[in-house]
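Visitor: I would like to go through this model and ask what stands behind each label.
Guide: Go ahead.

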Amino acid sequence: FFFFFLMIRRPPRSTPLYSSAASDVYKRQVMNTDTNTDPHLLLTVNIILTRLDKVIFNKPVYLRSHHGTYLRAYSNGKVDMSPNMAEWEEWVIVPADANNKSKVGFRSCWNKFLSARVFLYEAAQAKVLNNWEKWTVKHVNDKLAFISDHKRNLRADQNGEVNQSKNLESWELWEIIPKCQ
């Protein structure tokens, strides 16, 4: 006769009653993930956006740069940075891909989408949500980076210009500020 014993590890005493040790370890691993590795990046971003989608998707928000300025849209399709939080600085974040929550579009108050142009890697607005208007969200510490279809990061410089950069430093990091209603 052969007997097989299955050892089940008991959670440490410090683990709360309604939680498992494995669950706690998994949660810590997800939150402490290195965002440069793609599988973990997408998992982390999807968790962040899933938690926030009821707060930010399809509702007005402001996109604040490292400089404390806000992304502004003009009726003619131009974008730049502004010190104000007013109507022209309002954006609505829309899911751009039903299968990938890390892909989003930014719709301005003019009902146009933030677009990553190839010419001089500038940012502008377009009337439809195509590939150049879809941005991948990357979580970097407590900020977000928005990566264009051209693999460049949305960037706000100190002079109020908005463009795209290969760099991922402070000028390419953003905060999403929900509009108080």
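**Labels and their cut-offs**

Visitor: Why is C109 called partly exposed?
Guide: C109 has 30% relative accessibility, so it counts as partly exposed. Buried means under 20% relative accessible area, exposed over 50%, and partly exposed in between (1.4 Å probe, protein chains only). This is a predicted model, in which local features need pLDDT of at least 70, side-chain atom pairs count only at pLDDT 80 or more, and totals for chains, interfaces and linings use all residues. Residues are numbered from 1 along each chain as its sequence is written, and side-chain values use heavy atoms, with hydrogens and water left out.

Visitor: Why is C180 called exposed?
Guide: Its relative accessibility is 74%, so C180 counts as exposed.

Visitor: Why does N111 count as exposed?
Guide: Because N111 has 52% relative accessibility.

Visitor: What makes K151 exposed?
Guide: K151 is at 67% relative accessibility, so it counts as exposed. K151 also has a positive phi of about 65°, although it is not a glycine.

Visitor: What is the average pLDDT of the protein?
Guide: The average is 78, and 69% of the residues score at least 70. pLDDT is the predictor's confidence in each residue, from 0 to 100. Over residues 3-7 it is below 50. Where pLDDT is low, the predicted coordinates should not be read in detail.

Terms used. Contact means heavy atoms within 4.5 Å.
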